[in-house]
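Please examine the structure shown below before reading on.

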Amino acid sequence: MASGWAPVDATVAPRDDCAPYTTKRRGLLTTRFPSDTLVVPSGGLHVRANDTDYPFRPGSDFFWLTGCHEPDAVLILHPNAAGDHDAVLYLADRSDRSSSAFYTDRRYGELWVGPRPGVRETTAALDIECRPLPELPEALAQLSPARTRVLRGLDSRVDRAVSRWAPPGTAVDRDAAFAQTLSELRLVKDDFEIARLDEAVAATIVGFTECVTEFGYAATLPNGERWLEGTFWRRARVDGNDVGYGSIVACGPHATTLHWVRDDGPVRPGDLALLDMGVESRSLYTADVTRTLPVNGRFSPLQRQVHEIVYQAQQAGIAAVRPGAAFLDPHRAAMRVIAQALHDWGLLPVTPDESLSEDPKAPGAGLHRRYTLHSTSHMLGLDVHDCAHARDETYRDAALEAGMVLTVEPGLYFQPDDLTVPPELRGIGVRIEDDILVTSQGSRNMSAALPRSADDVEKWMAGEAVRY
């Protein structure tokens with residue numbers, strides 16, 4: 001088996017475009033933890049059944065710092081005398097024909113899974129010192145837990161090798177503070193990240209358009225939601241890495257369930273189809289877009305009425321996005337529109353001001369939430385709900401800055417069994433969501449090319465060929 005093969009290709013890929021950016025990001029960490037060793041794993045493969053693994057995706061913080069897609073890899077940043085950190089990336093080397101693993105290892109051997117970059121290739125592509133993975137245990141054993149911070153929960157080998165350590169009386173766990181800092185550094189996107197998000201959004205718009213052309217055929221199937229889900233997934237795999245999260249294809253009353261990911265219902269003419277979907281680019285940045293569309297191409301008067309209020313609420317929310325504004329300002333602006341509409345429709349037993357009170361003990365506070373259910377915005381980037389470990393004072397309670405990307409996604413949901421609303425409203429759910437970049441002058445709607453208003457949606461759908 002080991003003889004009779006052509007020589008192994010010694011060509012290495014050119015430096016990846018992300019390398020200058022990941023180098024700069026690692027430098028940002030140095031300013032926060034100048035004297036600590038920092039350990040960030042990529043995570044490992046997870047078994048689905050027997051010898052079959054789930055598709056692998058590296059941890060977002062690890063990828064943000066390295067650009068490396070490989071499983072089981074570990075980045076160690078060692079403080080040096082110059083006040084910087086020396087970066088070393090440990091990863092599995094090639095399992096090519098020069099190794100026995102090529103023939104015997106069903107999980108990593110290249111005979112089984114194909115070529116992958118090793119130490120030499122990754123060093124050249126990512127401009128970072130790389131070492132073979134078997135050297136990792138010794139490197140971890142030499143670390144002082146008292147001066148090491150680890151991103152926990154991604155690699156059990158690393159978690160076991162570097163014991164948790166905190167001085168008596170320490171209020172905040174050192175490793176938790178490390179995870180917080182990584183999330184907070186990722187709040188503001190650099191030019192490279194914004195370009196990757198634009199790519200993800202562009203592919204997402206194509207995917208939505210392809211779904212619309214399939215409404216007619218989907219309507220002939222008992223589980224047409226699955227057909228639309230599959231249509232979008234195909235685009236995500238062609239233009240990107242995958243979908244960025246489980247696609248929500250919710251038709252008719254399913255649209256009132258926020259996280260309807262079963263996607264197994266019918267697509268009926270006359271119903272609305274709520275599509276919440278996003279392509280994850282090959283660089284792992286994901287879009288997150290929602291449109292609520294009439295299956296037959298035209299809104300009924302009542303559907304249009306609900307859609308118009310959500311659209312107006314989103315317009316108000318987007319208008320509130322600017323540097324220096326509070327993160328919650330888009331939410332407050334959108335909810336003001338929705339609460340007023342609910343009051344005008346006779347659904348709120350209190351005034352809009354009373355319902356919008358942020359004092360949870362105030363009489364009538366939050367009554368509008370019965371029909372809106374969720375907040376209007378979240379950060380977007382490598383994760384669909386990005387920077388989740390950031391502290392409230394740097395995220396939820398902070399001001400927006402140029403380079404942040406957030407969603408604006410108000411919704412109205414009238415549950416099929418909600419006796420507080422008129423029967424004709426029950427079962428209608430509408431959400432409109434776009435990805436908004438905060439700029440130095442205000443904001444840019446990254447997904448603006450996908451129609452939003454009822455009139456524009458109908459014109460757009462009329463121009464698409466519906467396949468039967």
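Predicted model: local features only at pLDDT ≥ 70, side-chain atom pairs only at ≥ 80, totals over all residues.

Residues are numbered from 1 along each chain as its sequence is written, and side-chain values use heavy atoms, with hydrogens and water left out.

The domain assignment divides the chain into domain 1 (18–186) and domain 2 (191–462); such bounds come from an automatic or database domain assignment. The C-alpha centres of domain 1 and domain 2 are 35 Å apart. Their contact involves 14 residues from domain 1 and 17 residues from domain 2, where contact means heavy atoms within 4.5 Å.

In soluble globular proteins, nonpolar side chains tend to be buried together. A nonpolar core is here a set of buried Ala, Val, Leu, Ile, Met, Phe, Trp, Tyr and Cys residues joined through side-chain atoms within 4.5 Å. Buried means under 20% relative accessible area, exposed over 50%, and partly exposed in between, with a 1.4 Å probe and protein chains only. The largest nonpolar core has 91 residues, and those touching the most other members are Leu 29, Leu 75, Leu 89, Leu 275, Leu 412 and Phe 414. Helix H9 (residues 191–213) supplies the largest share of this core, 10 residues. Helices (H or I, at least four residues) and strands (E, at least two) are DSSP runs, numbered from the N terminus. Beyond its neighbours within four places in sequence, Leu 89 is in contact with residues including Phe 62, Leu 75, Ile 128 and Arg 131. Another core, of 16 residues, lies apart from the largest one and has Leu 187, Ile 318, Leu 328 and Cys 387 among them.

Where is empty space left? Rolling a probe the size of a water molecule over the atoms shows this. On a 1 Å grid over the protein atoms alone, a pocket is an open set of points where a 1.4 Å probe fits, with protein on both sides within 12 Å along at least five of seven lines; lining residues have an atom within 4 Å of a point. The largest pocket holds about 990 Å³ of space, a volume being the space filled by probe spheres set on the grid points, which are joined across faces, edges and corners. Its lining has 42 residues, and Leu 45, Phe 56, His 69, Glu 70 and Pro 71 lie nearest its centre. Helix H5 gives the most to this lining, with 4 residues. Since domain 1 (18–186) and domain 2 (191–462) both give residues to the lining, the largest pocket lies between them.

The volume of the second largest pocket is about 620 Å³. Among its 23 lining residues, His 331, Ser 357, Glu 358, Arg 369 and Arg 396 are the closest to its centre.

Most residues other than glycine have a negative phi. Asp 263, however, has a positive phi near 50 degrees and is found in the loop between strand E9 (248–251) and strand E10 (272–277). Leu 284 has a positive phi of about 75 degrees and is placed in the loop between strand E11 (279–280) and strand E12 (289–294). Asp 263 counts as buried because its relative accessibility is 0%, and Leu 284 counts as buried at 1%.
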